Structure formats: structure tokens, C-alpha cells
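Please consult the sequence and structure below alongside the text.

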Amino acid sequence: MTDGFQRYLRAKRTVDDRALDRRLVEQLRERLAIRNEAREGPLCVLEIGAGIGTMVTRFLEWDVLPVGEIRYTAVDLQSDNVTELRRQLRTWADDRPVSVSGTDVLTLEGPDRRIEVEPVVAEAVTYADRAATASDLLVGAAVLDILELEGLGPLLGALAPGGLYYFPITFDGATRFRPPHPADPDVERYYHDHMDAKPGGSSRAGEDVLVRLQGMDGVSLLGVAGSDWVVRPVDGSYPGDEAYFLRHILATVEEAVGEISGEEFEGLEEWLARRRAQVDAGELLYLTHQLDVLGRVDEPSGVTDTRR
């Protein structure tokens, strides 16, 4: 991992904020508050693919987490992300009435919440398997398109009875760049083919996840909504650091399409040059289709896939 990737994660905060379906966020807030009132001890949250801690701070800023004591385990496979997560939480708290203490486990204490955040370097499914039936909320943002769906059962098994799962920003089969370019259909096809070729990858992850969840005993689907990325210039420039976000996306497309197409696709270099020039000029629009998924696990020990 590089500083460039972590800058990408920071730049994508504003993109995700616009995309997330606020009705599902409100539903999650209400259900967590009800669950918190009915339990003793701290509310336990497990986030997989936590990155640099963007969801933690978003949940706090948007008052998604209930008042009181919360234990938040933030799991990511990359140690650089976990290191940056600790730094980001301290930086975030500097501008707010929140005190931060601790090193390995960070304690964020504000007027009405005390949150212990434990960053962990681990593979998501393996960690969730060890944490069986311990969590009240499982969060996985933009991760299910790179995880084997066979791992969904063990992930949901980390939830206590009645626990909630929230899988926002799940890619679902559409990538668009505008203005139109003759090479767009080939670029998009190769890009999606590369997703499908990766172990555990899927360019139709949102659809696949819905089908899998509906086939699982002991699992309820509470809500599904679109969470499309729409990145566009405003008055000739991009909000925040979203120009960098777009450049990172184009670099990802370059690597993926080049790897899957080999020498068959000669139009990639010209397409990339045109798209990068459009970013510099504040002209490129980028759109992807994604889904937010919210649900509940009634009996984690009995989570099975009836499609098998």
C-alpha cells in the first residue's frame, strides 16, 4: 500500500457521502438505538475492510451510533491502512469536543459517547469466524465485490441473535465515463471482465449478494437502495480532492484493462490520454452503479445457504 492509495481513500469520502442512501442510514440509526436500549453492556460493532477509519468518523458525525458505550473493531488486511486509521482518528478528534487516549486501542470520549476503537490487521472472514456471535452490527463498505460469497455465512456468523449487517457501496455492474468516447464499450467490458477474473471478484456483486442473502436461513433483508457514485465538475473543478479520486480510478482501469486485454486492445492508450486531459480540464463525468444493503441475522448459529 502507498500514501497514494490512502489519499484515494480520503478523497473518496465526499464521493461516498453523496452516494450513501440516507433512508437506510436512518433505518440503521433507529434499529441500533432500539437494540442498545434492550441490552446490557457496550454495543459491539465489527467493520471489515475498514480502511483508514472513514466509516467510524462518518457514523459519529451522522449520529448513527447510539449514545453510551460502544466497542468498535476495525479490521483491515493492510497494516498501512490500520496505521493511518489511528492517525486519522486522532486528527479528526482534534477539531471536535472529543478526547482520545490509548495506543493499540483508541478510546474516543465525547459528551454522550465513549467508543473504544480497536484497529486489527487481519483477513476479514478469518477474523469474523473467530468472533462468532459477538457483534451487534457488522459493516462492510465496498468489500463484497472482492470477497468470495462463500465467506458471507462466516461473516454473518459474527453477529449475535438479532444483530444487524450493513453492506453499503456494493458494486453492481455499471461503469460509465462521459462525454462518450468510441472506446468506452471495450474499456468497460474489459474492466468488468477483470473484476470477474479475480479470485472472489464479481462485477455483479450487488445482485449476487441479494440472491445469496435471500437464500440464507435465519437472515432477513431489511432494505436495499442504490448508492451510485456520481463524480462531476462544478463550475469547472471538482469538489474536495475528487480530481485525485478520478486519476486513481483511471490508473486502476489502466492496470485492469491492460492486464485482461493484453495486446488485443490498441485503443486504451488514446482513451486514457483523453480521459486524463478531461480531468485536468474539469470536464470528465464518472458514474458507477452500486447498492446499499441492510439486514438482520435472527439465528447466527443456523446461518446456512439453501442454494447449496
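Ring pairs join Phe-5, Tyr-8, Phe-177, Trp-229, Phe-245, Trp-271 and Tyr-286 into a cluster. The model is predicted: local features require pLDDT of at least 70, side-chain atom pairs count only at pLDDT 80 or more, and totals for chains, interfaces and linings use all residues. Residues are numbered from 1 along each chain as its sequence is written, and side-chain values use heavy atoms, with hydrogens and water left out.

**Aromatic pairs**
- Rings of Phe, Tyr and Trp (its six-membered ring) pair if their centres lie within 6.5 Å; planes under 30 degrees apart are stacked, over 60 edge-to-face, and the rest tilted.
- The count under this rule is 10 aromatic pairs.
- Trp-229 and Tyr-286 form a tilted pair, with 6.4 Å centre to centre and 45° between the planes.
- Because Trp-229 belongs to strand S10 (residues 229–231) and Tyr-286 to strand S11 (residues 285–297), this pair ties together parts 57 residues apart in sequence; strands are DSSP runs (E, at least two residues), numbered from the N terminus.
- Both Trp-229 and Tyr-286 are buried (under 20% relative accessible area, 1.4 Å probe, protein chains only).

**Charges over rings**
- A charge sits over a ring if NZ of Lys or CZ of Arg is within 6 Å of the ring centre and within 35 degrees of the ring normal.
- The charged end of Arg-22 lies over the ring of Trp-62, 3.8 Å from its centre.
- Arg-189 is placed over the face of Tyr-190, 4.6 Å from the ring centre.

- Thr-175 is located in strand S7 (residues 159–178) and is buried, with a relative accessible area of 0%.
- Beyond its neighbours within four places in sequence, Thr-175 has contacts (heavy atoms within 4.5 Å) with residues including Glu-188, His-192 and Tyr-286.

Terms used
Helix = DSSP H or I, 4+ residues; strand = E, 2+ residues; numbered from the N terminus. Buried < 20%, exposed > 50% of the residue type's maximum accessible area, 1.4 Å probe, protein only.
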